[in-house]
Amino acid sequence: MAGEFPIMTTIPHFLREYVMNRFLPDRFTQLLIGTVLLATLFPATGSFEHFMHLASNAAISLLFFLHGAKLSREAALSGLKQPRLHLLTLGSTFILFPLLGLALKSVVPDLLTPQLWMGVLFVCTLSSTVQSSIGFTSIARGNVPAAICGATASNLLGIVITPLLVTLLLHRHHEANGLSQVFSILLQLLLPFVLGNLMRRWIGEWINRHKVIVNVVDRGGILLSVYAAFSVAVAQGVWHLFPPGQLALLVLVNAVLLGAVLLITTFGARALKMPRGDEIVLVFCGSKKSLASGIPIASVLFAGSGAAVVLLPIMLFHQMQLMLCAVLARRYAAQLDGVEAAAVAAAATETGTPLATSR
């Protein structure tokens with residue numbers, strides 16, 4: 001067919017679909033990349049830049065208001081039934097990740113530029129994801145109610161814990177406006193979240209019926225923040241802050257971080273003899289980092305080119321965690337299928353019942 005690469009015509013359709021779904025960025029990551037390119041080629045300047053800054057701030061506040069309105073207090077409180085599991089998950093998110101990040105930086109401090117190390121450590125301070133953590137737990141046939149509770153608690157606590165960890169790990173409290181930035185993030189993110197949750201009884205049902213609107217605000221607010229941050233950064237020469245080879249090294253550092261956490265949570269859960277369903281929750285909720293929370297927080301805590309540089313690691317980490325955890329979730333599900341099939345075969349052998357065969 002004209003216009004196609006010859007090699008692609010020799011690949012079966014199902015194989016092409018598999019490669020595209022497995023290795024190409026998800027749709028939202030593609031939108032993020034497009035937004036970065038747009039800001040690079042057509043950055044907002046002057047009064048338009050000021051307008052975009054105000055618009056992105058308003059969109060972020062609205063985003064957290066809607067997240068607060070969606071939060072079920074019953075789901076959040078249900079975590080009290082499994083305190084050990086959720087403490088381990090939060091420990092992986094807010095303690096294990098920062099310790100690993102600091103250890104990597106101390107071992108190979110010159111591997112990345114100081115700005116990119118700042119971005120890597122910022123990734124380590126973020127809360128877990130909600131949708132993908134629950135989705136992968138469901139695919140792997142884990143403890144979905146516990147995943148809902150753990151991911152929700154992580155996001156809620158992250159609004160407060162992440163700014164505090166940033167001041168601790170990145171020493172931003174030494175800056176003149178460091179504490180005011182922490183206060184700003186609490187005012188811009190936590191206050192709308194609390195107000196939204198207080199109004200849940202009146203608007204919660206409407207939000208659940210209009211999820212498309214919520215998704216547009218969610219994605220749109222993040223894209224506006226990325227465009228505003230990179231517009232300022234491009235004017236300050238962000239792409240000259242690090243050599244091109246740093247991107248490959250950044251991918252390597254992210255891979256080491258993600259791989260280490262997955263290994264520790266997996267074998268740690270087995271050492272503690274946790275049920276299989278709870279192990280899955282710890283692995284998927286404890287290894288994720290939220291892009292949806294990270295970008296708004298970065299836009300408040302970091303200014304100018306600093307915000308753009310810290311966004312690069314989380315954008316890469318987001319895609320890497322989706323790709324790897326998709327593989328792990330399917331593997332967990334396949335293992336359970338194998339165990340169930342073996343159990344059925346063993347029971348049939350003991351009772352002398354012939355196994356059903358497909359014709």
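Start at G158: helix α9 bends there by about 50 degrees, the bend being the angle between axes fitted to the seven residues ending at a residue and the seven starting there. Helices are DSSP runs of H or I, at least four residues, numbered from the N terminus.

This is a predicted model, where local features need pLDDT of at least 70 and side-chain atom pairs pLDDT 80 or more, while totals for chains, interfaces and linings use all residues. Residues are numbered from 1 along each chain as its sequence is written, and side-chain values use heavy atoms, without hydrogens or water.

Now select all of α9, residues 144-169.

Expected span is 1.5 Å times one less than the number of residues. Buried residues (under 20% relative accessible area, 1.4 Å probe, protein chains only) in α4 include M52, I60, F64 and L66.

Next, the largest nonpolar core, with 71 residues. Such a core joins buried Ala, Val, Leu, Ile, Met, Phe, Trp, Tyr and Cys through side-chain atoms within 4.5 Å. Select L32, F122, V226, F230, F284, F302 and L311, which have the most contacts inside it. Helix α16 (residues 305-351) gives the largest share, 15 residues. Another core, of nine residues, lies apart; A146, A147, V281 and L282 are among them.

Finish on helix α10, residues 178-198. L198 is in this helix.

Methods:
Helix = DSSP H or I, 4+ residues; strand = E, 2+ residues; numbered from the N terminus. Buried < 20%, exposed > 50% of the residue type's maximum accessible area, 1.4 Å probe, protein only.
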